[in-house]
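User: I would like to go through this model with you, one question at a time. Please give the cut-offs behind each term as we meet it.

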Amino acid sequence: MAQIFQVIVNALSLSLIYILFATGLTLIMGIFDVCNFAYGEFVMVGGIATYLIVAKSGLPYIVAPFAAMIIVSLIGIIFEKGIFYPMRNRGGLEPALATFGSSTIMQTAVLILFGGMPLGVPSIMSGQFKIGSAYFPMDRLPIIIGGFLMITLLFLFVQKTKLGLAIRALQQDQDAAALQGMNIASIRVVVWVVASCLAAVAGVLLSSISYVSPTMGSGYLLKGFAVVIMGGLGSIPGALVGGFVLGFVDSFGQTYLGSYSYMFAFAFIMLVLIVRPQGLMGKR
(Lines give C-alpha, C1' and ligand atoms only; values in the text may rest on other atoms or scores of the structure.)
Protein backbone atom coordinates (compact mmCIF):
# COMPACT_ATOMS: atom_id res chain seq x y z
CA MET A 1 0.00 0.00 0.00
CA ALA A 2 2.86 2.37 0.79
CA GLN A 3 4.38 1.75 -2.64
CA ILE A 4 1.02 2.26 -4.38
CA PHE A 5 0.55 5.54 -2.52
CA GLN A 6 4.00 6.68 -3.65
CA VAL A 7 3.19 5.74 -7.26
CA ILE A 8 -0.10 7.66 -7.09
CA VAL A 9 1.68 10.79 -5.81
CA ASN A 10 4.27 10.52 -8.59
CA ALA A 11 1.53 9.87 -11.14
CA LEU A 12 -0.44 12.92 -10.03
CA SER A 13 2.57 15.25 -10.26
CA LEU A 14 3.59 13.76 -13.62
CA SER A 15 0.03 14.10 -14.93
CA LEU A 16 -0.09 17.79 -14.04
CA ILE A 17 3.17 18.43 -15.92
CA TYR A 18 1.73 16.61 -18.95
CA ILE A 19 -1.47 18.64 -18.69
CA LEU A 20 0.33 22.00 -18.56
CA PHE A 21 2.38 20.94 -21.57
CA ALA A 22 -0.56 19.52 -23.53
CA THR A 23 -3.00 22.38 -22.90
CA GLY A 24 -0.45 24.88 -24.25
CA LEU A 25 0.04 22.73 -27.35
CA THR A 26 -3.74 22.37 -27.68
CA LEU A 27 -4.31 26.13 -27.61
CA ILE A 28 -1.74 26.70 -30.35
CA MET A 29 -2.92 23.80 -32.50
CA GLY A 30 -6.56 24.76 -32.04
CA ILE A 31 -6.05 28.35 -33.21
CA PHE A 32 -3.18 28.06 -35.69
CA ASP A 33 -3.75 24.49 -36.91
CA VAL A 34 -0.02 23.81 -36.79
CA CYS A 35 2.42 21.94 -34.53
CA ASN A 36 4.88 23.99 -32.52
CA PHE A 37 7.96 21.77 -32.34
CA ALA A 38 9.77 24.39 -30.25
CA TYR A 39 7.29 24.17 -27.37
CA GLY A 40 9.65 21.91 -25.42
CA GLU A 41 12.21 24.70 -25.56
CA PHE A 42 9.65 27.07 -24.02
CA VAL A 43 9.62 24.70 -21.04
CA MET A 44 13.41 24.60 -21.06
CA VAL A 45 13.63 28.42 -20.97
CA GLY A 46 11.36 28.36 -17.91
CA GLY A 47 13.80 25.96 -16.27
CA ILE A 48 16.81 28.10 -17.22
CA ALA A 49 15.09 31.20 -15.81
CA THR A 50 14.51 29.33 -12.55
CA TYR A 51 18.17 28.31 -12.41
CA LEU A 52 19.34 31.89 -12.92
CA ILE A 53 16.90 33.36 -10.38
CA VAL A 54 17.10 30.74 -7.64
CA ALA A 55 20.47 29.00 -7.96
CA LYS A 56 22.60 31.86 -9.30
CA SER A 57 20.93 34.99 -7.92
CA GLY A 58 19.65 33.53 -4.66
CA LEU A 59 16.24 35.17 -5.03
CA PRO A 60 13.14 33.57 -3.48
CA TYR A 61 11.47 30.80 -5.47
CA ILE A 62 8.26 32.80 -5.72
CA VAL A 63 10.02 35.18 -8.13
CA ALA A 64 10.84 32.39 -10.59
CA PRO A 65 7.37 31.64 -12.07
CA PHE A 66 6.58 35.31 -12.68
CA ALA A 67 9.95 36.02 -14.27
CA ALA A 68 9.76 32.82 -16.33
CA MET A 69 6.26 33.68 -17.58
CA ILE A 70 7.40 37.14 -18.69
CA ILE A 71 10.50 35.82 -20.49
CA VAL A 72 8.74 32.91 -22.20
CA SER A 73 5.76 35.11 -23.14
CA LEU A 74 8.14 37.48 -24.93
CA ILE A 75 9.55 34.52 -26.84
CA GLY A 76 6.01 33.41 -27.67
CA ILE A 77 5.16 36.86 -29.04
CA ILE A 78 8.33 36.74 -31.17
CA PHE A 79 7.18 33.39 -32.56
CA GLU A 80 3.75 34.83 -33.37
CA LYS A 81 5.03 38.01 -35.00
CA GLY A 82 8.13 36.49 -36.62
CA ILE A 83 6.87 33.09 -37.78
CA PHE A 84 3.16 32.43 -37.50
CA TYR A 85 1.72 35.78 -38.57
CA PRO A 86 3.87 36.15 -41.71
CA MET A 87 3.02 32.53 -42.62
CA ARG A 88 -0.67 32.72 -41.70
CA ASN A 89 -1.85 32.11 -45.28
CA ARG A 90 0.49 29.21 -45.94
CA GLY A 91 0.05 25.54 -45.20
CA GLY A 92 0.77 24.01 -41.82
CA LEU A 93 4.05 22.42 -42.96
CA GLU A 94 6.09 25.59 -43.43
CA PRO A 95 5.39 27.12 -39.98
CA ALA A 96 5.96 23.70 -38.39
CA LEU A 97 9.36 23.42 -40.08
CA ALA A 98 10.17 26.95 -38.93
CA THR A 99 9.43 26.00 -35.32
CA PHE A 100 11.55 22.86 -35.73
CA GLY A 101 14.47 25.01 -36.85
CA SER A 102 13.83 27.45 -34.00
CA SER A 103 13.95 24.54 -31.56
CA THR A 104 17.45 23.65 -32.73
CA ILE A 105 18.58 27.29 -32.53
CA MET A 106 17.27 27.68 -28.97
CA GLN A 107 18.91 24.45 -27.81
CA THR A 108 22.22 25.44 -29.40
CA ALA A 109 22.10 28.93 -27.87
CA VAL A 110 21.56 27.50 -24.36
CA LEU A 111 24.30 24.94 -24.97
CA ILE A 112 26.75 27.72 -25.88
CA LEU A 113 25.75 29.95 -22.96
CA PHE A 114 25.49 27.35 -20.19
CA GLY A 115 27.32 24.28 -21.49
CA GLY A 116 26.05 20.74 -21.80
CA MET A 117 26.26 19.75 -18.14
CA PRO A 118 22.93 19.48 -16.26
CA LEU A 119 22.23 22.45 -14.00
CA GLY A 120 20.89 21.87 -10.50
CA VAL A 121 18.17 23.95 -8.86
CA PRO A 122 17.33 23.58 -5.14
CA SER A 123 13.99 21.93 -4.42
CA ILE A 124 11.17 24.22 -3.39
CA MET A 125 10.45 21.93 -0.45
CA SER A 126 12.36 18.98 0.94
CA GLY A 127 11.78 16.10 3.30
CA GLN A 128 8.88 13.71 3.69
CA PHE A 129 5.55 13.73 5.48
CA LYS A 130 4.39 10.47 7.00
CA ILE A 131 0.81 9.41 6.36
CA GLY A 132 0.16 6.10 8.09
CA SER A 133 2.74 3.66 6.76
CA ALA A 134 3.38 5.77 3.65
CA TYR A 135 5.57 8.81 3.07
CA PHE A 136 4.57 11.86 1.04
CA PRO A 137 7.61 13.49 -0.64
CA MET A 138 7.34 17.22 -0.01
CA ASP A 139 9.08 18.14 -3.27
CA ARG A 140 5.97 16.93 -5.12
CA LEU A 141 3.60 19.20 -3.19
CA PRO A 142 4.51 22.44 -5.06
CA ILE A 143 3.98 20.64 -8.38
CA ILE A 144 0.55 19.44 -7.34
CA ILE A 145 -0.49 22.84 -5.95
CA GLY A 146 1.04 24.83 -8.81
CA GLY A 147 -0.37 22.50 -11.45
CA PHE A 148 -3.91 22.62 -10.08
CA LEU A 149 -3.67 26.39 -9.66
CA MET A 150 -2.64 26.94 -13.29
CA ILE A 151 -5.34 24.58 -14.56
CA THR A 152 -7.96 26.39 -12.47
CA LEU A 153 -6.82 29.82 -13.69
CA LEU A 154 -6.85 28.57 -17.30
CA PHE A 155 -10.39 27.23 -16.90
CA LEU A 156 -11.63 30.49 -15.38
CA PHE A 157 -9.91 32.50 -18.10
CA VAL A 158 -11.31 30.44 -20.98
CA GLN A 159 -14.82 30.03 -19.55
CA LYS A 160 -15.46 33.27 -17.65
CA THR A 161 -13.73 36.10 -19.53
CA LYS A 162 -14.44 37.89 -22.79
CA LEU A 163 -10.97 37.07 -24.07
CA GLY A 164 -11.56 33.41 -23.28
CA LEU A 165 -14.86 33.54 -25.17
CA ALA A 166 -13.07 35.20 -28.09
CA ILE A 167 -10.44 32.44 -28.12
CA ARG A 168 -13.14 29.76 -28.19
CA ALA A 169 -14.91 31.58 -31.01
CA LEU A 170 -11.66 31.87 -32.95
CA GLN A 171 -10.98 28.19 -32.43
CA GLN A 172 -14.36 27.25 -33.89
CA ASP A 173 -14.47 29.58 -36.91
CA GLN A 174 -11.94 32.33 -37.56
CA ASP A 175 -13.84 33.82 -40.49
CA ALA A 176 -17.04 34.15 -38.45
CA ALA A 177 -15.06 35.66 -35.58
CA ALA A 178 -13.57 38.24 -37.94
CA LEU A 179 -17.04 39.12 -39.26
CA GLN A 180 -18.13 39.79 -35.67
CA GLY A 181 -15.49 42.53 -35.48
CA MET A 182 -13.01 40.68 -33.29
CA ASN A 183 -9.39 41.82 -33.39
CA ILE A 184 -7.93 38.55 -34.63
CA ALA A 185 -4.30 39.71 -34.47
CA SER A 186 -4.59 40.68 -30.79
CA ILE A 187 -6.34 37.43 -29.87
CA ARG A 188 -3.59 35.43 -31.57
CA VAL A 189 -1.02 37.20 -29.38
CA VAL A 190 -3.09 36.45 -26.26
CA VAL A 191 -3.16 32.76 -27.20
CA TRP A 192 0.61 32.72 -27.47
CA VAL A 193 1.01 34.48 -24.12
CA VAL A 194 -1.31 32.00 -22.36
CA ALA A 195 0.40 28.98 -23.95
CA SER A 196 3.81 30.42 -23.09
CA CYS A 197 2.83 30.95 -19.44
CA LEU A 198 1.75 27.32 -19.17
CA ALA A 199 5.09 26.17 -20.60
CA ALA A 200 7.02 28.52 -18.30
CA VAL A 201 5.32 27.22 -15.16
CA ALA A 202 5.88 23.64 -16.32
CA GLY A 203 9.59 24.46 -16.65
CA VAL A 204 9.72 26.04 -13.19
CA LEU A 205 8.03 23.04 -11.58
CA LEU A 206 10.16 20.52 -13.47
CA SER A 207 13.39 22.27 -12.47
CA SER A 208 12.59 21.68 -8.80
CA ILE A 209 12.65 17.87 -9.17
CA SER A 210 15.05 17.33 -12.09
CA TYR A 211 18.12 18.86 -13.64
CA VAL A 212 17.89 21.73 -16.11
CA SER A 213 19.50 21.05 -19.50
CA PRO A 214 19.18 22.25 -23.12
CA THR A 215 17.13 19.15 -23.96
CA MET A 216 14.94 18.96 -20.84
CA GLY A 217 11.79 19.88 -22.76
CA SER A 218 12.39 17.63 -25.76
CA GLY A 219 11.56 14.47 -23.85
CA TYR A 220 8.15 15.88 -22.97
CA LEU A 221 7.34 17.07 -26.49
CA LEU A 222 6.46 13.64 -27.88
CA LYS A 223 4.32 12.77 -24.87
CA GLY A 224 2.70 16.21 -25.04
CA PHE A 225 1.63 15.56 -28.62
CA ALA A 226 0.51 12.08 -27.59
CA VAL A 227 -1.73 13.57 -24.88
CA VAL A 228 -3.19 16.09 -27.35
CA ILE A 229 -3.97 13.35 -29.88
CA MET A 230 -5.32 10.94 -27.27
CA GLY A 231 -7.51 13.63 -25.70
CA GLY A 232 -8.77 14.97 -29.03
CA LEU A 233 -7.18 17.61 -31.24
CA GLY A 234 -8.06 21.12 -30.11
CA SER A 235 -9.93 19.95 -27.01
CA ILE A 236 -8.75 21.47 -23.71
CA PRO A 237 -10.90 19.04 -21.65
CA GLY A 238 -9.38 16.27 -23.74
CA ALA A 239 -5.89 17.47 -22.83
CA LEU A 240 -6.87 17.40 -19.14
CA VAL A 241 -8.25 13.86 -19.32
CA GLY A 242 -5.45 12.63 -21.58
CA GLY A 243 -2.79 14.11 -19.30
CA PHE A 244 -4.17 12.35 -16.25
CA VAL A 245 -4.54 9.05 -18.11
CA LEU A 246 -1.03 9.09 -19.56
CA GLY A 247 0.50 10.29 -16.29
CA PHE A 248 -0.97 7.40 -14.31
CA VAL A 249 -0.26 4.82 -17.03
CA ASP A 250 3.32 6.07 -17.35
CA SER A 251 3.97 6.20 -13.59
CA PHE A 252 2.58 2.73 -12.88
CA GLY A 253 4.42 1.44 -15.93
CA GLN A 254 7.76 2.83 -14.73
CA THR A 255 7.24 1.26 -11.32
CA TYR A 256 6.13 -2.20 -12.38
CA LEU A 257 7.51 -2.57 -15.93
CA GLY A 258 10.78 -0.66 -15.72
CA SER A 259 12.35 -0.09 -19.14
CA TYR A 260 9.23 -1.38 -20.88
CA SER A 261 7.07 1.47 -19.55
CA TYR A 262 7.62 3.72 -22.57
CA MET A 263 6.41 0.99 -24.91
CA PHE A 264 3.45 0.23 -22.64
CA ALA A 265 2.38 3.88 -22.49
CA PHE A 266 2.30 4.31 -26.26
CA ALA A 267 0.68 0.92 -26.75
CA PHE A 268 -2.10 2.13 -24.47
CA ILE A 269 -2.45 5.33 -26.53
CA MET A 270 -2.68 3.27 -29.73
CA LEU A 271 -5.41 1.14 -28.15
CA VAL A 272 -7.39 4.26 -27.20
CA LEU A 273 -7.14 5.63 -30.74
CA ILE A 274 -8.22 2.31 -32.25
CA VAL A 275 -11.36 2.39 -30.10
CA ARG A 276 -11.90 6.17 -30.45
CA PRO A 277 -10.00 7.56 -33.47
CA GLN A 278 -11.19 11.09 -32.61
CA GLY A 279 -9.64 10.86 -29.13
CA LEU A 280 -11.22 10.64 -25.69
CA MET A 281 -12.99 14.02 -25.85
CA GLY A 282 -12.70 14.83 -29.55
CA LYS A 283 -15.60 15.23 -31.93
CA ARG A 284 -16.05 13.31 -35.16
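User: In which helix does Val201 lie?

Analyst: This is a predicted model, in which local features need pLDDT of at least 70, side-chain atom pairs count only at pLDDT 80 or more, and totals for chains, interfaces and linings use all residues. Residues are numbered from 1 along each chain as its sequence is written, and side-chain values use heavy atoms, with hydrogens and water left out. Helices (H or I, at least four residues) and strands (E, at least two) are DSSP runs numbered from the N terminus. On that numbering, the element that holds Val201 spans residues 184-207 and is helix 8.

User: Is Val201 buried or exposed?

Analyst: The classes rest on relative accessible area, with buried under 20%, exposed over 50% and partly exposed in between, using a 1.4 Å probe and protein chains only. Because its relative accessibility is 7%, Val201 counts as buried.

User: Which residues does Val201 touch, not counting those up to four places away in sequence?

Analyst: A contact means heavy atoms within 4.5 Å. In terms of C-alpha positions, Val201 and Pro65 are 5.8 Å apart in space although 136 residues apart in sequence. With residues up to four places away not counted, Val201 touches Leu20, Met69 and Met150.

User: What pattern of helices and strands does the protein follow along the sequence?

Analyst: The protein has 11 helices and two strands. Written in sequence order, the pattern is α-α-α-α-β-β-α-α-α-α-α-α-α.

User: What radius of gyration does the protein have, beside that of a compact globule?

Analyst: The radius is taken over C-alpha atoms, and the globule rule is 2.2 Å times the number of residues to the power 0.38. The C-alpha atoms fill a box of roughly 60 × 50 × 35 Å along the principal axes. For 284 residues the rule gives a value near 19 Å, which agrees with the radius of the protein, 19 Å.

User: What share of the contacts with a separation of 6 or more joins residues 24 or more positions apart?

Analyst: As background, 49% of the 284 residues count as buried. Among contacts with a separation of 6 or more, the share from residues 24 or more positions apart is 75%.

User: Which residues form the aromatic cluster that includes Phe42 and Phe79?

Analyst: Rings of Phe, Tyr and Trp (its six-membered ring) pair if their centres lie within 6.5 Å, and planes under 30 degrees apart count as stacked, over 60 as edge-to-face and the rest as tilted. The structure holds 10 aromatic pairs, and Phe42 and Phe79 form one that is edge-to-face, at 5.1 Å centre to centre with 85° between the planes. Phe42 lies in helix 2 (residues 39-56) and Phe79 in helix 3 (residues 63-84), so the pair ties together parts that are 37 residues apart in sequence. Both residues are buried, and the cluster is formed by Phe21, Tyr39, Phe42, Phe79, Phe84 and Trp192.

User: Which residues is Ser73 in contact with, leaving aside neighbours within four places in sequence?

Analyst: Ser73 is found in helix 3 and is buried, with a relative accessible area of 8%. Its C-alpha atom is 28 Å in space from that of Ala11, 62 residues apart in sequence. Apart from neighbours within four places in sequence, the contacts of Ser73 are Val193, Ser196 and Cys197.

User: How is Leu280 classed by relative accessibility?

Analyst: Leu280 is found in the segment after helix 11 (261-275). Beyond its neighbours within four places in sequence, Leu280 is in contact with several residues, including Met230, Val241 and Val272. Since its relative accessibility is 27%, Leu280 counts as partly exposed.

User: What distance separates the C-alpha atoms of Pro137 and Gln6?

Analyst: Pro137 is found in strand 2 (residues 134-137) and, at 10% relative accessibility, counts as buried. Leaving aside neighbours within four places in sequence, Pro137 is in contact with Gln6, Val9, Gly127 and Gln128. Although Pro137 and Gln6 are 131 residues apart along the chain, their C-alpha atoms are separated by 8.3 Å.
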